[in-house]
Amino acid sequence: MTKTTDMTRSPRDIPDLVTSFLPFDEDAMDTIFADNDDIDVLAASLGSFAVAGSFAIQKLDESGRRDFCKRLAALSEGVVPSWTVEAVLRSIEGDHDALTGTDPALTSQIHMYGLLLLSTDYLTRQECLKLHSAAVERAREYRPGLASLPR
């Protein structure tokens with residue numbers, strides 16, 4: 001399979017990509033990044049994280065939320081500070097100013113670590129599968145904006 005680069009094509013692969021993110025399939029990641037359009041992969045992973053993160057975080061109290069942020073930071077081996085994880089969580093909850101002053105290179109890593117952590121420790125397989133259609137919808141919403149960004 002060849003990597004697709006036509007940014008105007010239909011995002012028909014997004015449902016298949018979301019299936020690899022919810023639940024997170026670590027073994028599929030090399031193939032996903034090698035064989036698919038970068039915009040589709042980014043849209044699918046961001047959409048999956050936004051939906052799964054919102055769902056999981058609603059069930060946590062303040063202490064649980066802090067623990068999630070610390071665990072994600074630890075999973076990144078210190079690359080992503082826990083305060084940045086909290087900023088991303090506030091962003092997916094609708095706080096449009098939450099990411100002001102954060103490093104985009106760091107925030108872009110959070111959704112992948114987050115999907116892994118959510119899939120293994122916070123959501124059941126059944127919950128992940130129930131969130132699939134909402135994640136596909138969110139990914140399709142994100143795709144046009146992501147495709148318009150300079151590369």
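Analyst: Helices are DSSP runs of H or I with at least four residues, and strands are E runs of at least two, numbered from the N terminus. By that reading, Ile92 sits in helix α5. What you're looking at is a predicted model: local features need pLDDT of at least 70, side-chain atom pairs count only at pLDDT 80 or more, and totals for chains, interfaces and linings use all residues. Residues are numbered from 1 along each chain as its sequence is written, and side-chain values use heavy atoms, with hydrogens and water left out.

User: Okay, what average pLDDT does the protein chain have?

Analyst: pLDDT is the predictor's confidence in each residue, from 0 to 100. In this chain, 90% of the residues score at least 70. The chain average comes out at 88.

User: Is Ser54 buried or exposed?

Analyst: Ser54 is in helix α3. Not counting residues up to four places away in sequence, Ser54 touches Phe49 and Ile92. Its relative accessibility is 19%, so Ser54 counts as buried.

User: Glu77 isn't a glycine, so to speak of its backbone: what is its phi near?

Analyst: Glu77 is found in the loop between α4 and α5. Glu77 counts as exposed because its relative accessibility is 74%. Its phi is positive, in a residue other than glycine, and lies near 60°.

User: What's the omega between Leu22 and Pro23?

Analyst: Pro23 is in the loop between α1 (14-21) and α2 (29-35). The peptide bond that joins Leu22 and Pro23 is cis. Its omega is about -5°.

User: How far is Gln126 from Leu22 in space, C-alpha to C-alpha?

Analyst: Gln126 is in helix α7, residues 125-130. At 55% relative accessibility, Gln126 counts as exposed. Gln126 and Leu22 are 104 residues apart in sequence, and the distance between their C-alpha atoms is 9.6 Å.

User: How about the C-alpha separation of Asp37 and Glu141?

Analyst: Asp37 is in the loop between α2 and α3. Its relative accessibility is 1%, so Asp37 counts as buried. Asp37 and Glu141 are 104 residues apart along the chain, with their C-alpha atoms separated by 16 Å.

User: On to rings. How many aromatic pairs are there?

Analyst: Rings of Phe, Tyr and Trp (its six-membered ring) pair if their centres lie within 6.5 Å; planes under 30 degrees apart count as stacked, over 60 as edge-to-face and the rest as tilted. By this rule the count is two.

User: What geometry do Phe21 and Phe24 have?

Analyst: Phe21 and Phe24 are both buried. Their rings are 6.4 Å apart centre to centre, with 35° between the planes. That aromatic pair is tilted.

User: And which geometry do Phe68 and Tyr122 have?

Analyst: Phe68 and Tyr122 are buried too. Phe68 lies in helix α4 and Tyr122 in helix α6, so the pair ties together parts that are 54 residues apart in sequence. With 5.1 Å centre to centre and 80° between the planes, the pair is edge-to-face.

Note on methods
Buried < 20%, exposed > 50% of the residue type's maximum accessible area, 1.4 Å probe, protein only. Contact = heavy atoms within 4.5 Å.
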